[in-house]
Amino acid sequence: MATTTAAPLDARAEAKAAKKAAKKKEPKPSFSQRWLDRQGWSRRIPLLPALVFIIILTQIPFLATLVISFMNWNANYPQDIAFGTLNNYVQVFTDAALRSSVFFTIVLTVTVVIVSLLLNRSFFGRGIVRTFMITPFLIVPVAAALLWKHAIYNPVYGLLNGILTWLGGPQPDWITDFPRLAIEVQLIWYWTPFMTLILLAGLQSRPGDVLEAANVDGANAWQTFTNITMPHMRRYLELGGLLGSIYVVQTFDSVFVMTAGSLGTANLPYTVYETLYSAQDYGLASAQGVVVVIFSIAIATFLLRTVSTLFEES
Amino acid sequence: MTTALAPTPTKTAQQRRRSSNRARSLGSRSGNTIAGIAAWAIGILFVFPVFYMILTSLHSEVNASTNPPSFFAPLTLQGYKEFFGASSGASPWPPLINSATASIISTILVIVLAIPAAYALSVKPITKWTDAMFFFLSTKMLPAVAGLLPLYIFAKYLGLLDNINYLLILYTAMNLPIAVWMMRSFLADIPVELFEAAAVDGAGLIRTLRSIIVPIISPGIAATALICFIFAWNELLLANTLTSVIAGTAPVFLTSFVTSQGLFLAKVCAAATVVSLPVIIAGFAAQDKLVQGLSLGAVK
């Protein structure tokens, strides 16, 4: 991976440096000039409502979370509120249950994303099959989790054990015996359609003239696949994997419905919810929230790079 | 980054579409039967739980919970009657109405805020418009739990807990980045000449938006609205934390089915079907644009 990406990265860095040099030559208007520029404001005004709205509702709450994460604040002990403690972070990283939730968040994200990507080897699905594949994604997540919990995994009357009865197999209690796997399978079922859609869009945007030229030159299906399709699809695979990770890291509904965080299935968002709602430990909940954000930022950094290359092409 | 991003002329877009059509026909020629069968098998595997959900919702409770399952049992609407409160008395209508209120109003707000923003990012772009675009994108990557606690405390002290208006404002913020990205990609497809002609005729911003932009991108607006509607309708974490009895949404109502209550499988499946129905309709209506919304406009 490192060797293959090194070359384009260098090229990109060079291009950036060149652009910077070009920028430096132009005289840059001073801050006050830009501030008083009426034309600039007529351009900016349509953007402002959306920008101000989003800053107030996403950035400020996050800053507050950051501040509270360094506070000793439990709603059950209002007289002990104090600022300036690292205890919450110490607790996040020493609590075994929390460590397990970090671990499960990683396992969940990685398995769901990788299996969902692998299931998309059937690139040839069209029309009805494509519609079939999209359908799971159009079930409300809570409803999907309920469906799997009661109608599919239930040990007495669930579909899986019903099929096993026909085959004369055992009757396991799926959620109790394999809690993590049960949630993973449900999420794979839910997220595969999303990957399919992204990869399908990638396949359909393959350059037609290049494929035609390969056909004229007598390239066989395998050669076309390795030399044209795969290089073209790599970015779409990256995009699907990274976007999937962003969404799966935030999974809350499935854990809440299927196990309520028991049996070692509490992931980070669920743990934050529980700390906030049941334990009322605001300081600790914030520290956990910050940890989730750090995870997301790590993924997002890669995602932004992929998105910006796709963006520059269009 | 700042120079290479002029709106794409429509001619190349057309060419691209034509060549991708050719690519598709080439691909299907090389596709073989085994792959076709595999695709059908996987497709059926994925759709089957949904089919089973709808089938079970139409069975009686006794037939729904047999082992092995009785697929060919007589159909009945009893499960739906139970869901709408035939014997328990708990009506799902208030949560459904709350969900509709939150989803529809937040979607309208999102569109109203996103169109001018997209205009300022593509037609007459501000100088650092790519930075603004990526700022919107980065807020989408901030997980909901990042701001959950301050939003909860804020609501608690101002008496906004269990208030549908508070929830719908948060849904607006949640969906705004997606809408801005999608809207920008639609606006960038409009030929520049149209705006020049409008400027020559003396049309101002409002007039240009009303008479040129909105009519041309109305299919795009519809797709964006459907996607924002789906996300708002599906949301559970914020709704479950910030609402309870009065302003609880449909997903919050569904959580009352988490613990099993005797024979209730048909009722659960009916509930899941009814609550998912708006999303299924919106999703199939927006099918072509779904991926564009989910990938924040990165994939067209």
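Where in helix H13 (residues 221–249) of chain A does a kink lie, and before which proline? Select A:Met230 to find out: a kink of about 45° lies there, shortly before the proline A:Pro231, the bend at a residue being the angle between axes fitted to the seven residues ending there and the seven starting there.

**Before going further**

This is a predicted model, in which local features need pLDDT of at least 70 and side-chain atom pairs count only at pLDDT 80 or more, while totals for chains, interfaces and linings use all residues. Residues are numbered from 1 along each chain as its sequence is written, with chains lettered from A and ligands numbered from 1 in the order in which they are written.

The model scores ipTM 0.81 and pTM 0.80. Colour both chains by pLDDT, the predictor's confidence in each residue on a scale from 0 to 100. Chain A has a mean of 75, with 76% of its residues at 70 or more, and chain B averages 79, with 85% of the residues scoring at least 70.

In chain B the lowest mean belongs to helix H1 (residues 10–30), at 46, and the highest to helix H5 (residues 93–122), at 91.

Now select residues 1–9 of chain A, where pLDDT stays under 50 and the model has 0 contacts beyond four places in sequence; two residues are in contact if their C-beta atoms, placed from the backbone, lie within 7 Å. Residues 1–14 of chain B also stay under 50, but for these the model has 16 contacts beyond four places in sequence, and over residues 16–31 of chain B the pLDDT is below 50 as well, with 21 contacts beyond near neighbours in sequence. Where pLDDT is low, the predicted coordinates should not be read in detail.

**Chain A, and back to H13**

Show chain A as a cartoon: the secondary structure comes to 16 helices and 2 strands. Of its 314 residues, 42% count as buried, meaning that 20 or more other C-beta atoms lie within 10 Å of the residue's own, whereas 12 or fewer make a residue exposed and counts in between partly exposed.

Return to H13 of chain A and pick out its buried residues, among them A:Tyr236, A:Leu239, A:Ile246 and A:Val249. A:Thr224, also in this helix, is buried because 20 other C-beta atoms lie within 10 Å. Beyond four places in sequence, A:Thr224 touches A:Leu211, A:Ala214, A:Ala219 and A:Thr229.

**Chain B and the core**

Chain B has 15 helices and 0 strands, and buried residues make up 47% of its 300 residues. Next select B:Ala114 and B:Leu167, which touch the most other members of the largest nonpolar core, a set of 157 residues; such a core consists of buried Ala, Val, Leu, Ile, Met, Phe, Trp, Tyr and Cys residues joined through C-beta atoms within 7 Å. Helix H8 (residues 164–187) of chain B gives the largest share of this core, 17 residues. Leaving out residues up to four places away in sequence, B:Ala114 touches A:Ala50, B:Leu176, B:Ala179, B:Val180 and B:Met183.

In the loop between helix H7 (145–158) and H8 of chain B, select B:Asp162, whose phi is near 60°, a positive value in a residue other than glycine. Most residues other than glycine have a negative phi. B:Asp162 counts as partly exposed because it has 15 C-beta neighbours inside 10 Å.

Move on to B:Gln292 in helix H15 (residues 287–294) of chain B. Is B:Gln292 buried or exposed? With 24 C-beta neighbours inside 10 Å, B:Gln292 counts as buried, and its C-alpha atom is separated by 9.5 Å from that of B:Ser185, 107 residues apart along the chain.

**Where the chains meet**

Finally, display both chains together: 94 residues of chain B are in contact with 87 residues of chain A. Helix H2 (residues 33–57) of chain B gives the most to the side of chain B that touches chain A, with 15 residues. That side has 67 nonpolar, 23 polar and 4 charged residues, where Ala, Val, Leu, Ile, Met, Phe, Trp, Tyr, Cys and Pro count as nonpolar, Asp, Glu, Lys and Arg as charged, and the others, Gly among them, as polar.

Key: Helices (H or I, at least four residues) and strands (E, at least two) are DSSP runs, numbered from the N terminus.
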